[in-house]
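Please open the model in your viewer and keep the sequence panel beside it. The stops below can be selected one after another.

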Amino acid sequence: WTVVTGSPGSGKSAFLRALLVNLARAADWQFAIFPPEDLPPAEYVSQLIEVYLGKPFDDGPTQRMTKAEMTEAAGWVHEHFVILNPSDENRDFDSLLKLAKQLVYRRGINGLLIDPWNEIEHQRSGAVSETQYIESCLVKMRAFSQLHGLHNWIIAHPTKLSKNDGGTYPVATLYDVAGSAHWFNKADFGLSIWRDKSDDRTPVEVHIQKVRSRWCGQLGMVQLYYDKVTGRYWESSGGSVEARLPYAEERYEEIQ
């Protein structure tokens, strides 16, 4: 399972949406997603549709999707994603795992995304410290992933980061995640997302900070360009950013 953190406003949720759409498209994976900050489910589904089509709902400098395209994309999203919106009493960690387990058997899902950790209901007794509680939950997450053959993701916000002299946030580390160092210790993989919010033409940095198994990858950093209109990412390959944007420079100015 993977923990994903990042500086404020870096696009952690947007990156995971694009990643999961790519996995669903390339490998026919199915996912359960609990996005409490993007409910009702129709809100999150609309974002998945935009990423899938590479077109926005709204008019603007980019050609908007047609009704026929929207209908086709909505069907595709329904086949690959289940957006969880449980009642308040079922928004704790154990209940979310139970829901995901049901979907393993009913739908054959390949992964679960909790976005973000701090928005679920945490049922912790006073005798259990926050560190102990987090450790217990993350041990359950690993066992759940292994038992059901899933890859799961949790987006976890860092503690308050201090801006540097240039007015930007530093790259958050897994040890910066609020609550416990167990976010680093218990994760199989760890990513930190960073972007320069003062200049949207610069690439987003994806820092791979934890890889438990060497055959699954390596530590490092990759740069990806982000299209705010469609929610898609693509790789940096040198040259000017305008040469690689899916729209002309004048269109970029319109979007701004």
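The tour goes from the nonpolar cores to the strands, then to the aromatic rings, the cysteines and a loop.

This is a predicted model, in which local features need pLDDT of at least 70 and side-chain atom pairs count only at pLDDT 80 or more, while totals for chains, interfaces and linings use all residues. Residues are numbered from 1 along each chain as its sequence is written, and side-chain values use heavy atoms, with hydrogens and water left out.

**The nonpolar cores**

Begin by selecting Phe-15, Leu-16, Leu-20, Ile-33, Phe-81 and Leu-113, which touch the most other members of the largest nonpolar core, a set of 31 residues. A nonpolar core here is a set of buried Ala, Val, Leu, Ile, Met, Phe, Trp, Tyr and Cys residues joined through side-chain atoms within 4.5 Å, where buried means under 20% relative accessible area, exposed over 50% and partly exposed in between, with a 1.4 Å probe and protein chains only. Next colour the elements that each supply at least two residues of this core, including α1 (12-27), β2 (31-34), α2 (41-53) and α3 (67-80); helices (H or I, at least four residues) and strands (E, at least two) are DSSP runs, numbered from the N terminus. The largest share, seven residues, comes from α1.

Now centre the view on Phe-81 and show its contacts (heavy atoms within 4.5 Å). Leaving aside neighbours within four places in sequence, Phe-81 is in contact with Leu-20, Val-21, Ala-24, Phe-31, Ile-33, Leu-48, Trp-76 and Arg-107.

Select β8 (residues 220-227), which pairs with β7 in the antiparallel sense over five bridges; two strands pair if DSSP finds at least two bridges between them. Within this pairing, Ile-208 has Gly-220 of β8 as its bridge partner. Moving to β9 (residues 232-235), you will find that β8 and β9 pair in the antiparallel sense over four bridges, with Tyr-225 opposite Trp-234. These two strands form a hairpin with four residues between them, and Gly-231 in the turn has a positive phi of about 80 degrees.

**The aromatic rings**

Which kind of aromatic pair do Phe-15 and Tyr-233 form? Rings of Phe, Tyr and Trp (its six-membered ring) pair if their centres lie within 6.5 Å, and planes under 30 degrees apart count as stacked, over 60 as edge-to-face and the rest as tilted. Phe-15 and Tyr-233 are edge-to-face, at 5.7 Å centre to centre and with 85 degrees between the planes. Phe-15 lies in helix α1 and Tyr-233 in strand β9, 218 residues apart, and both residues are buried.

For another view, display Trp-29, Phe-31, Tyr-52, Trp-76, Phe-81 and Trp-153, which form one aromatic cluster.

**Cysteines and a loop**

Select the cysteines: the count of disulfides, taken as pairs of cysteine sulfur atoms within 2.5 Å, comes to zero. Cys-137 is buried, with a relative accessible area of 4%, whereas Cys-216 counts as partly exposed at 38%.

Finish at Thr-62, in the loop between α2 and α3, which counts as buried at 12% relative accessibility. Thr-62 and Thr-5 are 57 residues apart in sequence and 30 Å apart in space, C-alpha to C-alpha.
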